[in-house]
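User: I am new to reading protein models, and I would like to learn how to read a few local features step by step. Could we go through them together?

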Amino acid sequence: MPVKRYIEKSTNSNRAEVIHILMVDDLKENLLALEAVLSAPNIHLVSAKSGEEALKRILQYDFAVILLDVQMPGINGFETARLIKERKKSRNIPIIFITALSQDVDHITQGYEVGAIDYIVKPFNPEALRSKVEQFVNIYKDHTRSLKEIERESSLEREKINLELNVAKVNLHKHEALSKVIQDTLQDTIVTFNEEGYILSVNPMVEKMFGYKDSELIGTHIAILLDSTENIGKDKTKNALNSFMNRSSIGKIVEITAKRKSHDTFPADIHIGDAMLEDYHIFVCTIRDITERKEMEKIKEAHLDKLEQVVEERTLDLLLANQKLLQEMEERNKVADDLLLSEGRFKQIFEASPCLMSIFSMQEENFIAVNNNWTIHTGYNLDELNNANCQWGIFQEDKEEFRQIVGDEWIKPMNNRKVTYKTKDKSIRYALLSTETIMIENRNCVLIVLNDITERIRMEKEIYKLDRLNLVGEMAAGIAHEIRNPMTTVHGFLQMGKLNNQQLSVEHLDLMIDELDRANKIIKEFLTLAKNKTSDRKIQSLNDIIEIIYPLLNAEALLSGKRVLLQLANCPMLYLDEKEIRQLLLNIALNGLESMSNDGVLTIKTYVEQENVILEICDTGEGIGDDVLDKIGTPFFTTKDNGTGLGLAVCYSIAERHNAKIKVNTSSKGTIFSICFRAV
């Protein structure tokens, strides 16, 4: 299915530290503006022109922040944000809405309700936007570092637990071996006592185990070795003493709490046996310290608890992973359904569009689809276009001529570029060409859209002819009025000299010459307005022309206590008529100097904007009133006492011959004349 290829630009220098930022806007110029603001080292800017494309990119990258336009074709910004927030993996990505359509509270509230972090209205402040995005990027970096640190600590904790398990295992073996040695070497305490419980003898181990010497214990009650300070101890001691007198307990092992001389207690096993010596009943008790065994049991219990906990955690992780996998499968199925629906919509739009639409394969260099309007307007169907003998093509304006667009020129997207195309009946038609590179079945293709403007151009030419006729009438009336005044003055002086039969004075002759010069100037500037004036245009530098005329302007400014500043950037070459550009620059610059008071500054700038070269002339005067601004460029309209009203009209005529546009921005702080030239 047709899917748009996203335009991605990455400035990352270290792939391991790259940060992904998603920009979603259906207008390419907005994406370029965001890219210019946010481009930075280690930042990977990913562009998407629709909500559907943004959702697809969410599956491919982990984004630090998403800049999302509200009004878009198909899924709008709010719906896109809602879908992003529904997905567990992307629900925590901060979203900043950027729009120029609505600023009311309800609209902004809706943006926050669907999960937006911020809501920015166009035109936005680049520095503010860059700062906000940088903060989200820093938060993302800190979060990523925290996750890595947690993972590292978890890994260290697992290693520590494994080490402890190994140590415990070694200790277990050690304790088992030690117990065996103790048992083999009779390291138990052996006590003999009579029926009343008084000790008759002890072995040497009693000193090591209890801290008593044998002399201290002989004749004392066996209870001295048993703990009776706690309830549990009392019960065990009572049971043990009772077992001494109960033959049923003889030969059994009983666990008790023993007490040392230092009053420390420890767990112990007692094994009681009895014997008869000449009708004298004595008991033999073996006491074994089981402290190590108890500790080992505790360690085993702790390890078992840890193992159970690890098993439970692992089981929970597996359940979560399985649930996550199911969710991702559902999301992928949903995306597949959305893509299928999008493909159907695209097909309907493609066939029903009033524009001429086709899809051209770059690898195979042939057309793979055309819509009905394409066949109607061009006369060619799909098979005829792919015929090797077909002479059809699209031609774009290049250096005042139209040449055919071929080869790799289709790869670069175009937007409303004026072109011509030839129909099957050999007629030439005009259209606006827009193209976009797309991917279809792993093939690079170009979507070609032609908006036929042949009828519009024909109507514009008719309207232009009528406007020219109307302008000729207005200008004829203006010329008649402007030339009649100096002619009247000359005619009056000549009549006065004839009637008085006297020679005219030098003052009168000078005045007559001034009036004739004024009439000649008006006629000369009027001729400059002519559309069919011959133009000597050639490739040259606009900056060079400005630098040639700069000394003249600066000298004129210094005479009235003003300054002229140049701010010239590197600009491409242009097709220019040097004399006409000098006249345009002089007319606007001198007007700017006259509009400023002393200490005023006139600034002349050049710079490149997209594919255009801009010439700006900025003054620091009081600005132009609205009533005057509407009439700027009208022949014979002037606000000067001695002006002809043709200076700016000449400038507009020169700009038109150079295919340039003049824009005027004015305020109380000054006026800016901007002349936009198309680069070669």
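Analyst: Gladly, and please keep in mind from the start that this is a predicted model. We can begin with a negative surface patch, which is formed by Glu301, Asp305, Glu308, Glu312, Glu313 and Asp317.

User: Where does Glu308 lie, and is Glu308 buried or exposed, or something in between?

Analyst: Patch members must have over 30% relative accessible area. Glu308 sits in helix H9, which spans residues 291–352, and with a relative accessible area of 49% Glu308 is partly exposed.

User: What does the UniProt annotation say about Asp69, and is Asp69 buried or exposed?

Analyst: An unreviewed UniProt entry carries the annotation "modified residue: 4-aspartylphosphate" for Asp69. In the model, Asp69 belongs to strand S5, residues 63–69. Buried means under 20% relative accessible area, so Asp69, at 6% relative accessibility, counts as buried.

User: How should I read a positive phi angle?

Analyst: The general idea is that most residues other than glycine have a negative phi. Here, Lys426 is not a glycine and yet has a positive phi of about 75 degrees; Lys426 lies in the loop between strand S17 (417–422) and strand S18 (428–440), and is exposed, with a relative accessible area of 58%.

User: Where is Asp599 found, and what is the phi of Asp599?

Analyst: Asp599 is in the loop between helix H15 (578–595) and strand S23 (601–609), and the phi of Asp599, a residue other than glycine, is positive, near 70 degrees. At 67% relative accessibility, Asp599 counts as exposed.

How values were computed:
Residues are numbered from 1 along each chain as its sequence is written. This is a predicted model: local features need pLDDT of at least 70, side-chain atom pairs count only at pLDDT 80 or more; totals for chains, interfaces and linings use all residues. Side-chain values use heavy atoms; hydrogens and water are left out. Patches are made of residues with over 30% relative accessible area and no salt bridge: like charges are joined within 9 Å, nonpolar side chains (Val, Leu, Ile, Met, Phe, Trp, Tyr) within 5 Å. Accessible areas come from the Shrake-Rupley method with a 1.4 Å probe; for residues, only the protein chains shown count as cover. A salt bridge is a side-chain nitrogen of Lys or Arg within 4 Å of a carboxyl oxygen of Asp or Glu. Lys and Arg count as positive and Asp and Glu as negative; His and the chain ends are not counted. The place of a charge is taken as NZ of Lys, CZ of Arg, CG of Asp or CD of Glu. Helices (H or I, at least four residues) and strands (E, at least two) are DSSP runs, numbered from the N terminus. Buried means under 20% relative accessible area, exposed over 50%, partly exposed in between (1.4 Å probe, protein chains only). UniProt positions are given in the numbering used here, feature names are shortened, and annotations may be inferred rather than shown by experiment.
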